[in-house]
Amino acid sequence: MSDEPERLKDMGVKGPTRRPRLRLGWRSREAEVATDGAARPYAETRLEDLVVITGYSGAGKSTAMNVFEDAGYFCVDNLPPAMIRALVELFVHEGSKVERAAVVSDVRGGDYFEALRAVLEDLDALGLRHRVLFLDASDDALLTRFQETRRRHPLAQTSTVERGIASERAVLEPIKGLADVVIDSTGLKAHMLRRRIADEFLPRVPASKLAVSLESFGFKHGPARDADMVLDVRFLPNPHYEPELRPLTGHDQSVVDYVCRAGQLEAFYGRLEPLLDFLLPRYVAEGKAHLTIAIGCTGGRHRSVAIAEHLAERYRGHDDLDVAVAHRDIDERARGA
């Protein structure tokens with residue numbers, strides 16, 4: 001009896017393990033020719049989408065894999081680039097039933113950049129539809145995640161996590177140029193990253209909807225990441241300096257009333273909302289999948305929260321928008337909010 005299912009399982013395969021007949025090497029571009037004379041080496045393959053996931057250790061590759069697995073993709077984790085060729089041969093074989101697949105490629109696979117680039121060039125030459133997702137994050141974010149999980153960095157088994165991050169960045173930085181989508185997961189919680197990946201890669205229903213993420217943040221805790229539009233609202237009255245308001249957040253009406261008291265907030269809305277009313281339908285018409293609007297105040301607890309909630313409430317009822325709101329720094333209680 002064949003041991004192929006067990007070998008695939010050892011490779012990290014999640015999904016069907018039926019053994020198709022494997023041909024060695026890629027088929028040539030002339031393997032199949034349509035009546036119009038165009039070479040279509042894999043004209044009969046059922047593989048419609050292949051996603052190659054790469055990026056930094058700790059940046060969210062496992063989260064990305066879960067997104068695709070939940071969407072019904074045939075998933076393989078921690079696969080060296082050289083093995084992608086053999087796996088794709090399985091996917092495109094005549095008897096394969098795999099229609100959508102996702103592969104996480106591991107930096108520990110040796111000559112990573114050249115090997116991965118060669119694989120992607122092969123996929124291009126063969127006309128196989130594929131996309132590359134690169135997951136990025138700041139050094140501080142990666143270090144914090146490794147400290148929280150108490151795991152060793154895969155490139156620093158006998159040294160510090162900092163050295164592992166530096167080594168991996170030197171290897172992976174050129175890969176960004178090969179990616180179709182780069183997502184910086186710094187400051188994103190797992191559910192926010194899952195949503196971002198799904199918005200970028202998975203079909204949405206209805207297809208014409210624009211996913212709008214409104215994110216409040218505090219400038220003192222770092223800049224907004226991956227924002228399409230950043231609004232600085234530090235010109236508004238700051239509730240932090242009122243002792244009775246300091247422990248509250250922008251969810252509280254007394255905070256909203258304080259920010260509104262000088263009339264500047266209403267004047268701000270009077271200019272911002274017509275701009276968004278003009279822009280959002282045009283983003284929808286352009287086919288944009290995701291728009292992130294970041295609203296920043298000093299600490300990310302009062303003014304930015306109130307404005308993000310107001311905008312979410314205003315645009316949530318639009319049929320062509322899918323609105324979500326997140327407050328990155330609302331739990332921070334550091335000085336100077």
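1. Start with the open sheet: its 4 strands come in the order S8-S9-S7-S10, with parallel pairing. Strands here are DSSP E runs of at least two residues, helices are H or I runs of at least four, and both are numbered from the N terminus. Two strands count as paired if DSSP finds at least two bridges between them. Strands S8 (229-232) and S10 (321-327) stand at the edges with a single partner strand each, so one side of each has no neighbour in the sheet. From one strand to the next, the twist averages 20°.

2. A quick word on the source: this is a predicted model, where local features need pLDDT of at least 70, side-chain atom pairs count only at pLDDT 80 or more, and totals for chains, interfaces and linings use all residues. Residues are numbered from 1 along each chain as its sequence is written, and side-chain values use heavy atoms, with hydrogens and water left out.

3. Now look at S7 (residues 210-218) and S9 (residues 290-297): they run parallel and are joined by 8 bridges. Ala211 stands opposite His290 in S9.

4. Helix H10 (residues 303-315) lies across S7, S9 and S10, and runs at about 165° to S10. Angles go from 0 to 180 degrees between N-to-C directions, using axes fitted to C-alpha atoms, for helices over the stretch in contact (heavy atoms within 4.5 Å).

5. Over in helix H2 (residues 61-70) you'll find Asn66. Asn66 is partly exposed, at 31% relative accessible area (buried is under 20%, exposed over 50%, partly exposed in between; 1.4 Å probe, protein chains only). Asn66 and Arg194 are 128 residues apart in sequence, yet 8.4 Å apart in space, C-alpha to C-alpha.
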